[in-house]
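This report describes how the chains of a multi-chain model meet one another. Please keep the structure in view while reading.

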Number of protein chains: 6
Amino acid sequence: MMRLLVANANTTAAITEACAEAARAAAAPGTEIIAATPRFGPAVISSRAENAIAGHALLELLAEHAGRVDACLLAVSHDTALEAARQMMPCPVVGMTEAACLVGCMAGSRFGLVTFGGVDTYRELVARHGLASRLAGLAGVAATPPEAVADPEGVGAKVLAAVAGLAAQGADSVVLAGAALAGFDRRLQARSPVALLDGMACGVRMAELLVALDLPKPRGGSYAACSGRDSLGLSPALAALLRG
Amino acid sequence: MMRLLVANANTTAAITEACAEAARAAAAPGTEIIAATPRFGPAVISSRAENAIAGHALLELLAEHAGRVDACLLAVSHDTALEAARQMMPCPVVGMTEAACLVGCMAGSRFGLVTFGGVDTYRELVARHGLASRLAGLAGVAATPPEAVADPEGVGAKVLAAVAGLAAQGADSVVLAGAALAGFDRRLQARSPVALLDGMACGVRMAELLVALDLPKPRGGSYAACSGRDSLGLSPALAALLRG
Amino acid sequence: MMRLLVANANTTAAITEACAEAARAAAAPGTEIIAATPRFGPAVISSRAENAIAGHALLELLAEHAGRVDACLLAVSHDTALEAARQMMPCPVVGMTEAACLVGCMAGSRFGLVTFGGVDTYRELVARHGLASRLAGLAGVAATPPEAVADPEGVGAKVLAAVAGLAAQGADSVVLAGAALAGFDRRLQARSPVALLDGMACGVRMAELLVALDLPKPRGGSYAACSGRDSLGLSPALAALLRG
Amino acid sequence: MMRLLVANANTTAAITEACAEAARAAAAPGTEIIAATPRFGPAVISSRAENAIAGHALLELLAEHAGRVDACLLAVSHDTALEAARQMMPCPVVGMTEAACLVGCMAGSRFGLVTFGGVDTYRELVARHGLASRLAGLAGVAATPPEAVADPEGVGAKVLAAVAGLAAQGADSVVLAGAALAGFDRRLQARSPVALLDGMACGVRMAELLVALDLPKPRGGSYAACSGRDSLGLSPALAALLRG
Amino acid sequence: MMRLLVANANTTAAITEACAEAARAAAAPGTEIIAATPRFGPAVISSRAENAIAGHALLELLAEHAGRVDACLLAVSHDTALEAARQMMPCPVVGMTEAACLVGCMAGSRFGLVTFGGVDTYRELVARHGLASRLAGLAGVAATPPEAVADPEGVGAKVLAAVAGLAAQGADSVVLAGAALAGFDRRLQARSPVALLDGMACGVRMAELLVALDLPKPRGGSYAACSGRDSLGLSPALAALLRG
Amino acid sequence: MMRLLVANANTTAAITEACAEAARAAAAPGTEIIAATPRFGPAVISSRAENAIAGHALLELLAEHAGRVDACLLAVSHDTALEAARQMMPCPVVGMTEAACLVGCMAGSRFGLVTFGGVDTYRELVARHGLASRLAGLAGVAATPPEAVADPEGVGAKVLAAVAGLAAQGADSVVLAGAALAGFDRRLQARSPVALLDGMACGVRMAELLVALDLPKPRGGSYAACSGRDSLGLSPALAALLRG
């Protein structure tokens, strides 16, 4: 039995629930999903400032589960604080967009990415993962999360148009980024010319893979665990992890 | 029950057997390993010409299993003809070094690669996968496959020295590339400062992941299946796949 | 009269004081330096996790000064949460290593970077700034902050050796990164073959330059100010900035 | 008298003949053109799988001529198995698209590429040659080889429109890639704003240049000749070259 | 009192005057602007050949002021002979487009660039500065310098449209390149969604910054001063600088 | 009969003579070599400033031969003003290091470069040609041109050591850059593990190739000929070419 923490990075419990449900649908039989929501931070992350704040909130949340889960999946399309979490935690940590991009690397030569609204921070995210040369393009659909709920067919048509445009640019698969696009992969797949990649599904499976491989944590370098680090005003669990 | 074809690209059956054994050790309970050896080609691949020849041999081998396996793992550290196989086959195809490099992307910021002999074609391979910016360095150990069998401790010490050197250059994990290094990950892991990544273990798990995700094949673009293609003098199965 | 916030990102007031002193020494006559320390966070930042936590602490600190200063200089060599701060604040924000690197771009073709300990996160930082092609190399000096205080000559000799090594690799100037290296630029400059760049000096001048240029904030895109964003458990000033 | 092997990579003799004719038209007086067609493989290469199969076929074909020609020109726009051929053969080997791209490097800052159908594999080919930064763009003309024969004016107009589009993107010359575009350079040049580069013409001249320079083959590294390599089921000439 | 040489690179005195005026408007109180025009060369630089010729003219002009000014600003949007001038002169040298691009690096993640006519050499200029990854795009406005004088509103509308297009591509600021666009930043800023960057304003402030930092010149490497170099037919001042 | 201008960029006639001799030795039977020396400029180019000055001198020299030669070879290892010359002249123009690098692209995957003294400007030159990914490394031999004449064996041994070092880094060929290394390719080739590439030999052959291909000059873009450009104080031939 493997325990996988699905950690939301915003403070909206309903999104945590939706992510947990998606994770359970994607998980292998032996995987138990534990979902959690940060104690503080933005209701939804849609700016650079909110993302930075959520990084601390997410680390605090992860720290509470350190030693009690086998892996963590960051349920936030910005892969918020992913490298920090990976360094801090004693178990594997996966980002949902990271996971989808890596799957995209095995689904053809280049992948595209569709999201609602601006694409700039996602372009930076793919570059941060070193995968810029495998990105065929990004498309920002003019739609909002409420519209996606109210008019899934209309929004789905926009998403499909964006996917078709990216396929024409050479995308062999397309990452759907953002909680509001959850579930659209299954809904639209049959009408899409290329595979649609859902971060939660890819992330759950990547976390299971890492647990199965049972790789040791680096003992040195910039991903070694913290040790002897002092801090002020942090949660007890987080402070304890820094102390090592 | 998932059927995974472990396809060697050289014609040495003993290497196929060793790969199959490694694959079985790494596989999840429900995965059946089918191992196969090409009908023709180089005994071992250690040059560009041999690799190109083996590409055809490997595709012929895969074609015989098309429709009868759920995924293919190319059991050759050069990821021989990977993109071609991915395009041609109706099921997911994974390269063992590709898989190890992608796992390396989740094990820290940068990975290293150790092999026996020259590193140039591996540098090109990592670049072909678009992962050059995540490669901390490569190291060619002065040893031969027979030496690895005859003196595993001596060769292991050389490998560990190479791994330590790469870790000092910033590698957070190290891919062990080449059939002769099979098993060295488990033998040396406890003495290594960073995770050692074995292509067979990573590849089997990645293949399982792709089967679990059940992504459709692109209907267009350069990874769409062949259709209506004529050929001369190819094996019946291969010719049939080209005809579509 | 221009008001420049020098914002430390760790919670060690002595470092804030040292930075403020360095800033005052570097500032133009009309620049008033206001120094501040975060309310919570790591005592010193030397890991990815501490850096992510400090990002929130720094943003909280900056938010308290929004509208009351003309510019902000992040007094932390990791340029912690720089892009987030730049998006959030109504005034220019500069990172000290960013500033030193940009000055390095005008001091020749390529610059080097010297720090104490590991260099990996600085390599990533330079790449995050898009300046990887202008980086001649990085060198991690085997010394600690206490040693720098106790034996400035001995440590200085190590730094000079590192600088000479980078100059031999083609560095036309060298960034000294990390609070513990503050002041070493003036102490060692006469014995260095190339210019030594101090982040506080460069950062103060860059902040003055940006204030003089009086550029408007983007009204759209990923650097536009936040508006109407909800949050939970954040400081009043930070929450207010997110609400816009 | 120099003997140049023009090696087709598909099994369509008519294409071999057309290439030989183009080669003879482009060759210097002292160059004898020997044209050859593989014994097996795809009738035409238009997919990744066909290209990989053709790599073996081409190497087999080249091996028969090893020691009996002064240079080889691969008469296939995908530069199929170019690096392998270069390593294996005792004489210079040139790819026709490679040659055209290198000429494009001397015809201005950036070149474009026009082909029939999909452009993705050509984008990868230019990147494989390390010339991505000199590629202004690619354009896939909606036309088929039969149409090019049946309606050369109509197809020519489409090609010219594509060329004009690439020139507007900054292309100072344009590579025409694909056997079906053979001869279009001469037909359209007068109406094109930039030079049109034909792979056969460029390739023949590059082969002559390499023969004139009389460079030795590397004695080490990944382009050294094979020696002592065993194989199974290969043509006698190919097996002999591997044995060295 | 700091003396800043504003060196035009073409021979049109009216442009020198306009640049001097812009420089005086941008300068800090203590900065004296000395403007100068080359003795020979193109009337306006709008081709690669003119730019190369102007490089010599500019160096001759700078040499006359060596030792008599505290810094030089190259008042030419091509940053003509910037690296050469930087190496040759005993004081800091700044390029106006270089300066604007570096300010753009602090105004967001990526900047755009607008000019009249062709954009190709500006794309190369940004790449020469190593900033290609921070360039969101370039736009060539269909207008001429006389039109900019005769119809500033009409041309301004075209510039604004180009700026909006670049902002939509992700530009957080836009460099206005070319003497004919001088002053358009102030005229159009209020109607632009992002900051407009003027090379003279940015360049004057960067020159002041470098003088304030008082960095030493490299004693070795490719930016060290010339010494003992013979020449023929150069101006006395230029020949003297080469002799050292 | 083809007329090839071999244009030195420095004012030392003895170097012009040596280059002419090397060119004649490399040329095809029908190629007439016309050698020329600039009227003014540095005696030898070994700094950025000298290179920029020589750019004008070289263009003036080329302009005198415009219309009277079939191609130009810039006999200077810095490829001084190459792009400007290419744009200005009505015939093909080749740089000697450019030519050697392009030949290096066909001699294996990566090439190295050896020169006397500093390598920084050569690294930039290879990057300016867009070939950085094909550069295995650079080596600066500690020797001077007079030493190369006085002690060719001793200097040759140093060059061979540098070549061996670059081959170990993966260079499949090595460019010898700088007039002082002329002839060392023939002298050392037999003792080198990889091909040694001489710029004059490669350049003469590339010029012949371009003449044979008879490509038209671009009618638009940044390589179109000048037309209607005014100038001051330039040589009559140069001014005439700018006027068009």
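## Confidence and conventions

Chain A of this predicted model has a mean pLDDT of 97, and 100% of its residues reach 70 or more; pLDDT is the predictor's confidence in each residue, from 0 to 100. The model scores ipTM 0.98 and pTM 0.97.

Residues are numbered from 1 along each chain as its sequence is written, while chains are lettered from A and ligands numbered from 1 in the order in which they are written. As the model is predicted, local features need pLDDT of at least 70, side-chain atom pairs count only at pLDDT 80 or more, and totals for chains, interfaces and linings use all residues, with side-chain values using heavy atoms and leaving out hydrogens and water.

## The interface of chains A and B

Contact (heavy atoms within 4.5 Å) joins 41 residues of chain A to 41 residues of chain B. The two chains bury about 3100 Å² between them, and carbon and sulfur atoms give 65% of this area. Buried area is the accessible area (1.4 Å probe) that two parts lose on being put together, summed over both. On the chain A side, the residues losing the most area to chain B are Met106(A), Leu209(A) and Arg219(A), together 19% of what that side buries.

Between chain A and chain B there are zero salt bridges, a salt bridge being a side-chain nitrogen of Lys or Arg within 4 Å of a carboxyl oxygen of Asp or Glu. By class, the side of chain A that touches chain B comprises 24 nonpolar, nine polar and eight charged residues. In this classification Ala, Val, Leu, Ile, Met, Phe, Trp, Tyr, Cys and Pro are nonpolar, Asp, Glu, Lys and Arg are charged, and the others, Gly among them, are polar.

## The interface of chains D and E

Four residues from chain D and four residues from chain E make up the contact between these chains. About 240 Å² is buried there, 27% of it on carbon and sulfur atoms. Ser109(D), Arg110(D) and Gly170(D) supply 91% of the area that chain D buries against chain E.

One salt bridge is counted between chain D and chain E. Arg110(D) pairs with Asp120(E) in a salt bridge whose closest N and O atoms are 4.0 Å apart. The side of chain D that touches chain E has no nonpolar, three polar and one charged residue.

## Chains without contact

No contact joins chain C and chain D, whose closest C-alpha atoms are 14 Å apart. Chain A and chain F likewise have no contact, with their closest C-alpha atoms 14 Å apart.
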